[in-house]
Amino acid sequence: MKKIFTFMMLSIFAVMNVNAAEETLWEGDFNVSWDLPEGDPNREWGGHEGQDVTSHFLVGEKINVYLTVVASAEYHKCQFDNWAWEALPGVSPAEFEADTKVTIDVTGDIVAAVAAKGFRLHGHGFHVVKVTKGTADEPVVNEDTLWKGDFNVSWDLPEGDPNREWGGHEGQDVTSHFLVGEKINVYLTVVASAEYHKCQFDNWGWEALPGVSPVEFSVDTKVTINVTEDIAAAVAAKGFRLHGHGFHVAKLTKDVKGNTTAVKNITNMKKMTDGNYYNMNGQLVTNPTKGLYIFNGKKVIIK
C-alpha cells in the first residue's frame, strides 16, 4: 500500500522529517483544544512541567513545533503567543489538514515578548508531539536573483513618492515568476533610525496576498512566499508590491532545487482537484510510483 504524506502550503516552512541536527526540548503527546473550560490542563501547551522552553528563544535560533491532527476535529488551528494571549510578533497562526512542523525564526521582538511573558501554544484540533531547536540537514537550495538593489520603503512618504512602495519601478516587475509551487524570497534590511520595521505583501489594489501575513522585525530578515494558486492568481491580476515602513528591500530571489519544477500553469492546477495524480508539470499520471505529485490540489509524496 502506498504511503502518502501531504505537504502543507503554509507561509512558514513545513518539513516532515527530523534528524540529529535538531535538539529536542520537549516530547510527548499533548492534546490542545480551546473549547475546553479555563483551567483545564489541555486548554494550552506551555504551562506544565517540562514545557518551559523560554530560555531557548535566542535571536537567530529556530524553534520547531511538531503537530499532529485530531481526525475527528472539524478544523485544526494552532496559535503561537505568550501568557497574556498576545501573538508572537510576526508569527501567524497555522491552519493545517495533516501532521505538520512549524518553524519559528526567532527575532529580537520575539525574544523580548517571550522573555517578558513566556511562550504558549493554543488552538483546536491537534496534539503537540515535539518541540525542538535547530534545523534538519536539508539539501542546499540555490536561488536565482530576480532583482537586487537598495530600495528604501516608507509609507509615511506622500502618495507618488518613488520610495512609497517597491514593485512599480524599472526592473521590479517579478509577476511572471509567481508560479504555483515556486518559493519567492524577499530580503529586507532594517533602517536603524526607524521606530519600527514592518513589511506588507500585496498587489496594486492594496489587497494582501492570500495567506501572506505582514512581517514585523527588528533585524535584517528574509521572508519566503510559498506561491499557492490563490497567490499566483492575485499577482497575475493586479501585480506584486511591497510596502510598509522602516526597511530597505535588498534582494528578491526564487528557489532553485535541483530538477524540481514549479507547476507553471494555473489553469492546469485548477484541474488537478479531480482525484487523479499529476506530476509537477501538470501532466496526468495514471499509475503513480514513488515521487512528488499533485493530488486534489496539494503536493504529496508517495513513498
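Q: In which loop does Val180 lie?

A: The model shown here is predicted. In it, Val180 belongs to the loop between strand 10 (165-166) and strand 11.

Q: What separates the C-alpha atoms of Val180 and Thr228?

A: A distance of 5.2 Å separates these C-alpha atoms, although Val180 and Thr228 are 48 residues apart along the chain.

Q: What makes strand 11 and strand 14 a pair?

A: Pairing requires at least two bridges. Strand 11 (residues 183-190) and strand 14 (residues 221-226) are joined by six bridges, so they pair, and they run antiparallel. Within strand 14, Lys222 is the bridge partner of Tyr187.

Q: How do you know that strand 11 and strand 15 pair?

A: Seven bridges link strand 11 to strand 15 (residues 241-256). The requirement is at least two, so the two strands count as paired. Their sense is antiparallel, and Lys254 in strand 15 stands opposite Ile184.

Q: Why is Trp85 called partly exposed?

A: Trp85 has a relative accessibility of 44%. Buried means under 20% and exposed means over 50%; 44% lies in between, so Trp85 is partly exposed. Trp85 is located in the loop between strand 5 (77-81) and strand 6 (94-95).

Q: Why is Trp206 called partly exposed?

A: The relative accessibility of Trp206 is 47%. This value falls between the limits of 20% and 50%, and therefore Trp206 counts as partly exposed. The loop that holds Trp206 runs between strand 12 (198-202) and strand 13 (215-216).

Q: What is the phi of Trp85, and what is that of Trp206?

A: Phi is near 65 degrees in Trp85, a positive value in a residue other than glycine. For Trp206, also a residue other than glycine, phi is positive and near 60 degrees. Most residues other than glycine have a negative phi.

Q: What makes Cys199 count as buried?

A: For Cys199, relative accessibility is 0%. This is under 20%, and therefore Cys199 counts as buried.

Q: How many disulfides does the structure hold?

A: The structure holds zero disulfides.

Notes. Residues numbered from 1 in each chain as written. Predicted model: local features only at pLDDT ≥ 70, side-chain atom pairs only at ≥ 80, totals over all residues. Heavy atoms only, no water. Helix = DSSP H or I, 4+ residues; strand = E, 2+ residues; numbered from the N terminus. Disulfide = S-S within 2.5 Å. Buried < 20%, exposed > 50% of the residue type's maximum accessible area, 1.4 Å probe, protein only.
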